[in-house]
Amino acid sequence: MNKKLYLPLIIFVAVCVAFFVQLQRNAEGNDPRALESALIGKPVPSKIMYDLFENKEYDNKLFQQGKPILLNVWATWCPTCYAEHTYLNKLADQGITIVGVDYKDDTQKAIKWLKDLGNPYQVVLKDEKGAFAFDLGVYGAPETFIVDKDGIIRYRHTGDVNDKVWNEKLLPIYNQLLGQK
C-alpha cells in the first residue's frame, strides 16, 4: 500500500489536535485576543518624539513621571479610537495621566479632533510614519500600555479602553503600581 495515501489523514489529525489544544486554552480563561508583548518589563523604547501642538521635543524621560501612566496609541482615521475617546476624557477627568501617540495621521486633522472632542492627553506625540509605534510592537490603533513610574511597560491592551476593560483589566494593574489594592 502506498504511504502517500496516509499523508492527508496525518495532516488532518494534526490540525484537529491543534484546534483542540487552542480550545482548551480558551476554556481555561486565556483571552485569544490578548497579544503578548516582548516589551513587558522593559523600558518604553528610546526615541526622540515631537509634541503634536508645539513641535516640542521629548525623549524617554517623558515616561518616567514618578507615577503610572497610560500610553495610548490612536488616530483620527480609526473608528474604534473615536469610540474610546469619550472614555479617555472621563479617565483624564479622574486624574489618570495619559500620554497619546497620534499614529500615522495628519497633524491638522489630529489637532482639530482634539479641539472638537476634548483632549484627554497630558502630552500628544506625533508619530506620522509609525516608527515609534513599530518600536512598541503596535499592530494597529488603538492600543494602550500601562507604564510604571520608572518608564517600564507593565501591560499592553489592544482595542478600545471602555468601562469594562478599565475596571476588569487596567485599573487593577494601575492600582497595584500605585501601591493600592
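**Backbone, core and charged pairs**

Reply: K104 lies in the loop between β4 (98-103) and α3 (107-117), and please keep in mind throughout that this is a predicted model.

Me: What is the phi of K104?

Reply: The phi of K104 is positive, at about 45°, although the residue is not a glycine. Most residues other than glycine have a negative phi.

Me: And is K104 buried, partly exposed or exposed?

Reply: K104 counts as partly exposed, because its relative accessibility is 44%.

Me: Which loop holds N55, and what about its phi?

Reply: N55 sits in the loop between β1 (49-51) and β2 (57-58), and its phi is near 60°, a positive value in a residue other than glycine. With a relative accessibility of 46%, N55 is classed as partly exposed.

Me: Staying with the backbone, where is the cis peptide bond that joins A141 and another residue?

Reply: The cis bond joins A141 and P142, with omega at about -5°, and P142 belongs to the loop between α4 (131-136) and β6 (143-147). As background, most peptide bonds are trans.

Me: Switching to the inside, how many residues are in the largest nonpolar core, and which ones touch the most other members?

Reply: The largest nonpolar core has 46 residues, and those touching the most other members are F63, L71, L91, L125, L136 and W166. At least two residues of this core come from each of β3 (69-74), α2 (79-93), β4, α3, β5 (123-127), α4, β6 and α5 (163-178).

Me: Take L91, then. What is it in contact with, leaving aside neighbours within four places in sequence?

Reply: With those neighbours set aside, L91 is in contact with L70, I96, I98, V161 and W166. W166 is itself named, along with L91, among the core residues that touch the most other members.

Me: Now the charges. How many salt bridges does the count come to?

Reply: The count comes to six salt bridges. One of them pairs D135 with K47, whose closest N and O atoms are 3.1 Å apart.

Me: How far apart are the closest N and O atoms in the salt bridge of K61 with D59?

Reply: In that salt bridge the closest N and O atoms of K61 and D59 are 4.0 Å apart. K61 counts as exposed, because its relative accessibility is 61%, while D59, at 34%, counts as partly exposed.

Me: And which residue does D150 form a salt bridge with?

Reply: D150 forms a salt bridge with K149, and the closest N and O atoms of the pair are 3.4 Å apart. D150 is partly exposed, with a relative accessible area of 46%, and K149 is partly exposed as well, at 42%.

Me: Last topic, cysteines. How many disulfides does the structure hold?

Reply: The structure holds zero disulfides, a disulfide being a covalent bond between the sulfur atoms of two cysteines.

Me: Are C78 and C81 buried or exposed?

Reply: C78 is buried, with a relative accessible area of 3%, and C81 counts as buried too, at 1% relative accessibility.

Technical notes: Residues are numbered from 1 along each chain as its sequence is written. This is a predicted model: local features need pLDDT of at least 70, side-chain atom pairs count only at pLDDT 80 or more; totals for chains, interfaces and linings use all residues. Side-chain values use heavy atoms; hydrogens and water are left out. Helices (H or I, at least four residues) and strands (E, at least two) are DSSP runs, numbered from the N terminus. Buried means under 20% relative accessible area, exposed over 50%, partly exposed in between (1.4 Å probe, protein chains only). A nonpolar core is a set of buried Ala, Val, Leu, Ile, Met, Phe, Trp, Tyr and Cys residues joined through side-chain atoms within 4.5 Å. Contact means heavy atoms within 4.5 Å. A salt bridge is a side-chain nitrogen of Lys or Arg within 4 Å of a carboxyl oxygen of Asp or Glu. A disulfide is a pair of cysteine sulfur atoms within 2.5 Å.
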